[in-house]
Amino acid sequence: MKKHLLLNIIFGLLFINQIIAQTVSLKGRVIDQAGKEGLPSVIVQLFSEGNSGIESSAATDSVGNFQINKIPVGKYTLISSFIGFVSDTIYNLDLTADINIGNIELAVSEIFLDEVNVIGQKSIYENKLDKKVYSVQKDVLAETSSASEILQNIPSVNVDINGSITLRNSGNITFFINGKPSALLRKNPSAILEQIP
């Protein structure tokens with residue numbers, strides 16, 4: 001019984017050793033076809049034939065070199081891809097021993113954009129030398145609020161329960177409408193601001 005168990009263990013170890021021995025490594029370098037310089041961070045993927053899944057993958061180092069280890073012996077497809085370059089595909093790659101595939105050249109992609117629109121937006125608050133500007137149209141709450149409610153969202157402006165407005169704890173405020181001081185808002189600003197949508 002012990003001899004039978006010992007033989008099974010030995011055959012099991014030999015079988016595992018044989019499986020481990022049937023793996024190979026693949027290395028190479030990905031370069032720019034035009035400048036012949038190594039391309040960093042290129043994704044190199046190895047697909048086993050007959051299986052749509054990725055067997056293994058690697059990324060190139062700073063000079064374009066890559067190495068994939070512990071690949072089971074077999075036939076593979078190797079795809080190298082990088083943004084701005086045309087992907088390179090090598091079919092029927094027969095891996096039966098360690099191999100250095102050499103240089104893989106990627107050509108620059110000739111797909112160009114018609115135009116690029118860069119859209120900038122001002123922030124809600126702008127600090128200028130002599131004033132702070134609060135842009136109401138950027139505030140989502142401004143569409144359904146009165147001017148008094150909007151003032152509650154502005155830093156350093158306080159609106160109490162009665163609607164009295166203070167700026168940095170001072171009630172001495174001059175209100176401007178379209179860049180001009182408003183005489184209407186000088187007398188009773190809280191009542192008027194509550195009515196302005």
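How much space lies in the largest pocket? About 1300 Å³.

What you see on the screen is a predicted model. The mean pLDDT of the protein chain is 79, and 82% of its residues reach 70 or more. Confidence is highest in strand β7, residues 99-106, with a mean of 93. At the other end of the scale is helix α1, residues 2-21, where the mean is lowest, at 59. Where pLDDT is low, the predicted coordinates should not be read in detail. Please keep that in mind when you look at helix α1, given its mean of 59.

Now the overall picture. The protein chain has 4 helices and 13 strands. Of its 197 residues, 26% are buried. If we take contacts between residues at least 6 apart in sequence, 49% of them join residues at least 24 apart.

Back to the pocket, then. Its lining is made up of 32 residues, and the ones nearest the centre are K132, Y134, L151, I154 and F176. Which elements give two or more residues to that lining? They are strands β8 (125-127), β9 (132-134), β11 (165-167) and β12 (176-177), together with helix α2 (147-151). Sorted by class, the lining has 20 nonpolar residues, 8 polar ones and 4 charged ones.

Next, something for those of you who like charges. Side chains of opposite charge can pair when their charged atoms come close. In this model the count comes to 1 salt bridge. The partners are E105 and K36, with 2.9 Å from N to O. E105 sits in strand β7 while K36 is in the loop between β1 (23-32) and β2 (43-48), so the pair ties together parts that are 69 residues apart in sequence. Are these two buried, partly exposed or exposed? E105 is partly exposed, with a relative accessible area of 33%, and K36 is partly exposed too, at 45%.

With a relative accessible area of 48%, S41 is partly exposed.

S25 has a relative accessible area of 15%, and it counts as buried because that is under 20%. Which residues does S25 touch, leaving aside its neighbours within four places in sequence? They are Q67, I68, N69 and I71, plus A97, D98 and I99.

The other serine is S164, in the loop between β10 (157-159) and β11. S164 is partly exposed, with a relative accessible area of 37%. Setting aside neighbours within four places in sequence, S164 is in contact with N158, V159 and S190. Take a look at S190 in particular: S164 and S190 are 26 residues apart along the chain, and 5.7 Å separates their C-alpha atoms.

How values were computed. Residues are numbered from 1 along each chain as its sequence is written. This is a predicted model: local features need pLDDT of at least 70, side-chain atom pairs count only at pLDDT 80 or more; totals for chains, interfaces and linings use all residues. Side-chain values use heavy atoms; hydrogens and water are left out. On a 1 Å grid over the protein atoms alone, a cavity is a set of points where a 1.4 Å probe fits but cannot get out, and a pocket is an open set with protein on both sides within 12 Å along at least five of seven lines; lining residues have an atom within 4 Å of a point. Grid points are joined across faces, edges and corners, and a volume is the space filled by probe spheres set on the points. Ala, Val, Leu, Ile, Met, Phe, Trp, Tyr, Cys and Pro count as nonpolar, Asp, Glu, Lys and Arg as charged, and the others, Gly among them, as polar. Buried means under 20% relative accessible area, exposed over 50%, partly exposed in between (1.4 Å probe, protein chains only). Contact means heavy atoms within 4.5 Å. pLDDT is the predictor's confidence in each residue, from 0 to 100. A salt bridge is a side-chain nitrogen of Lys or Arg within 4 Å of a carboxyl oxygen of Asp or Glu.
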